[in-house]
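Let us walk through this model together, starting with one side chain and widening the view from there. Please keep the sequence and the structure side by side as you read.

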Amino acid sequence: MCEAISATTMAGLAIASAVASTSASLYAQQQQADAQASYQSAMSDEYARTAKLNQEAANKEYIEAAAAERINQMQQQASASEELQKLQQEKMQKQGQALASSEAAGTALDALMADYERSAAQKRDVIMQQLDMVGVNADTAISGYKDKAEARMKSQSNYVSSPINQPNYLGGALSIGGAALGAYDKYVYGPEQKAKRSTAAP
C-alpha cells in the first residue's frame, strides 16, 4: 500500500512538474505576444501621428504657396491697371495737344486721332495678354502646388502590423495530458502490471 501511495505521489509530482513547466512556457509566450501587440499599437499610433503632421505640413505649404501666387497675380493686375490708366492719360494728352495745335486740321486731325487710338489699343491688348498669361501661369503653378501636396500626403505609408504568435493553449493542455498519462504509466500502472506478471509467473 505504501508502495502504491509512493507511486501515486511520484506520478502527481511528475504531473505537477509538467503543469508548472507548461504554464511557465505559456505565460512567457503570452507575455511576448502582449509585448509585441503593445509595440505594434505604439508603432501604428506613431505612424498615424507622423502622417497627420505630414498632411498638415503639406496643406500649410500648399496654402502659403498658393496665397503667394495669388498675391503676385494681384500685384501684376494692379500694375497693369496703372499702366492702362497711364496709357489712357497719354492718349488723352496727345489728342488734347493735337486739338490745340493749329498744325492739324480736318482730315489730318481725324487720322492723327485714329492713330493715337490704334496705338493705345495695341498697347492695351499687349497689357491684357500679359495679364491673361499671368493668370494662366498662376493657375498652373497653384495646380502644381496642389499635386505636390497630395503626392507628399500619399508618400506617407501606413503601418502594416505583422501577425502576433499567440500561446498554444490547446497544445499546452495536450502536453499536460500526455505528461499525466506518461507519469501514471511509469509510476502507477507500470509497477502494477509488473507485480501482476510476477505473481502470475510459476
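Is Asp 139 buried, partly exposed or exposed? Asp 139 counts as partly exposed, because its relative accessibility is 42%; on this scale buried means under 20% relative accessible area, exposed means over 50%, and partly exposed lies in between, with a 1.4 Å probe and protein chains only.

Before going further, a word on what you are looking at. This is a predicted model, in which local features need pLDDT of at least 70 and side-chain atom pairs count only at pLDDT 80 or more, while totals for chains, interfaces and linings use all residues. Residues are numbered from 1 along each chain as its sequence is written, and side-chain values use heavy atoms, with hydrogens and water left out.

The pLDDT, the predictor's confidence in each residue on a scale from 0 to 100, averages 80 over the protein chain, and 85% of the residues score at least 70. Confidence is highest in helix H2 (residues 107–155), with a mean of 86, and lowest in helix H3 (residues 169–200), with a mean of 68. Where pLDDT is low, the predicted coordinates should not be read in detail.

Now for the overall layout. The protein chain has 3 helices and 0 strands, where helices (H or I, at least four residues) and strands (E, at least two) are DSSP runs numbered from the N terminus. Along the sequence this gives the pattern α-α-α. Of the 202 residues, 17% are buried. Contact here means heavy atoms within 4.5 Å, and among contacts between residues at least 6 apart in sequence, 87% join residues at least 24 apart.

An unreviewed UniProt entry lists residues 70–97 as "coiled-coil region"; such annotations may be inferred rather than shown by experiment. In the model, residues 70–97 are 100% helix and 0% strand, with the end C-alpha atoms 40 Å apart.

Let us return to Asp 139 and look at its partner. Asp 139 and Arg 70 meet through their side chains in a salt bridge (2.8 Å, N to O). A salt bridge is counted when a side-chain nitrogen of Lys or Arg is within 4 Å of a carboxyl oxygen of Asp or Glu, and the whole structure holds 8 of them. Another part of that picture is a network of salt bridges linking Glu 61, Lys 148 and Arg 152.

Glu 46 and Arg 49 form a salt bridge with their closest N and O atoms 2.8 Å apart; both lie in helix H1, 3 residues apart, about one turn of the helix. Lys 60 and Glu 64 are joined by a salt bridge too (4.0 Å, N to O), and this pair in helix H1 is 4 residues apart, again about one turn.

Tyr 62 is found in helix H1 and, leaving aside neighbours within four places in sequence, is in contact with Ile 142, Tyr 145, Lys 146 and Ala 149. Lys 91 lies in helix H1 as well. Lys 91 counts as buried because its relative accessible area is 10%, and Lys 91 touches Tyr 116, Glu 117 and Ala 120, not counting residues up to four places away in sequence.
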